[in-house]
Amino acid sequence: MGGLEKVLLVRSPPAQSKSQSQSHSRFNSITIHSNHPMKGVNSMTTDDKKAINTSSTPSLWISDCPIKEYPVLTKDLSTQVLIIGGGITGLSCAYELTEAGFDVVLIEKDELCSKATGNSTGKLTSQHSSQYSDLLAKNMTQAAQDLLASQTKAIARFREITAQLDIDCDQIETKAVLYGRTKSELKVIDKEQAAYDQLGIPYEVVAIEFEEGRGLAVDGQIGINAAKYVYALADHLSQRGVLIFEHSQAQNELELTPAGNQVKVNNNFTITAQYVIIASGYPAIDGGGNYSFRLVPSRSLALAYPCA
C-alpha cells in the first residue's frame, strides 16, 4: 500500500443484545486510510462503475442497522431549504437547519446512507493526513487553526446530538493514528509533528508492533456505526415534520425563477426552494463546473479480526 496510512484504533464495541443478529462478531479493527487512485469517472467502463457502487461484501454498518424505508416524491413541493443527499452530511444539515427553525425537504436518489456514509470507515476525527503541515507550509496559519477548531467543534457537536437524542450508534472513544513507514513518509510525519507542536495539538508518538516506522496518535476521536447514526437522525427529523424522500433523483440542472430555485426530481416533479444544499458524494447539480472530468474515486481498506 502506497502513501501515508491513516489508522483508527478501535476498541471492542459493546456486546450485542440477544435480539440482535448473532452473525456479527465483536471485533477490533485497524482502518488503513490509504488512498488508491482509480480511473477518472468519465474513463470508467460500466464494469468499473459497478465495482465501485456494489460489493460482494456488504457494509458492516448497513448490515447491522435496522433499515427504514422512505417514500418516493410524487408531487410538486415548495420549501425553504432543499437538501440533496441522504448521507451524514445531508442529515446533519437537515438537523441543524430544523433546529434553527427552517422548513426542510431532503431527497436521496437511492436509499439513505447507501453510498459514501454507509461504506465509510465510521470515524470522526480531527486528524486528516498531513493537512496541518501542508497549510502551515503555505503560510496559512489561520486556515490551519480554523481547520482544527472546526473539526474539534464537530466532534463535540456529535457528542451533544447523540446525548440529546439518545442515539445508540455503537459510539466508542478511541485514537486516530497517522502512520508512516518509508523515509519519504517519515519526513511527512516529522513535518506534521512539528505542525501539531505549533498548533498545540496533543499527541503521542507510537509504533505498531507488526509494522516498521512510527506514527502520531491523537486521542479523543470517535468510532461509530454510521448507518445507525444517520437512520436515527432521519427518524427524529421525520417525526418533526421534515419530508424525506428516497429514490428521488435531482436532475442535473437548477432553474432560477421569481418563486425560488427549482429542481426537477425524477423528471416528473419540481421542488421549489429558497436555498439548495448539495450534500451528495457526486455533485448532483453540476452548474457548468464539469466536475465529472475532475473527480477521481479512491478507496479505504480495513483489517478486522475477531476478539479472543
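Reply: The contact (heavy atoms within 4.5 Å) involves Phe158, Ile161, Thr162 and Leu165 of α5 with Tyr229, Leu233 and His236 of α7. By the way, this is a predicted model, where local features need pLDDT of at least 70 and side-chain atom pairs count only at pLDDT 80 or more, while totals for chains, interfaces and linings use all residues. Residues are numbered from 1 along each chain as its sequence is written, and side-chain values use heavy atoms, with hydrogens and water left out.

Me: Why is α5 called oblique to α7?

Reply: Helix α5 (residues 141–165) and helix α7 (residues 226–239) pack at about 55°. Under 35 degrees is roughly parallel, over 145 roughly antiparallel, 65 to 115 roughly perpendicular and the rest oblique, so α5 is oblique to α7.

Me: Is threonine 272 buried or exposed, and how do you know?

Reply: Its relative accessible area is 10%. Buried means under 20%, exposed over 50% and partly exposed in between (1.4 Å probe, protein chains only), so threonine 272 is buried. Threonine 272 sits in strand β12 (residues 269–278).

Me: And what makes lysine 75 exposed?

Reply: Lysine 75 has a relative accessible area of 53%, which is over 50%, so the label is exposed. You'll find lysine 75 in the loop between α2 (60–63) and β3 (77–84).

Conventions. Axes are lines fitted to C-alpha atoms, for helices over the stretch in contact, and angles run from 0 to 180 degrees between N-to-C directions. Helices (H or I, at least four residues) and strands (E, at least two) are DSSP runs, numbered from the N terminus.
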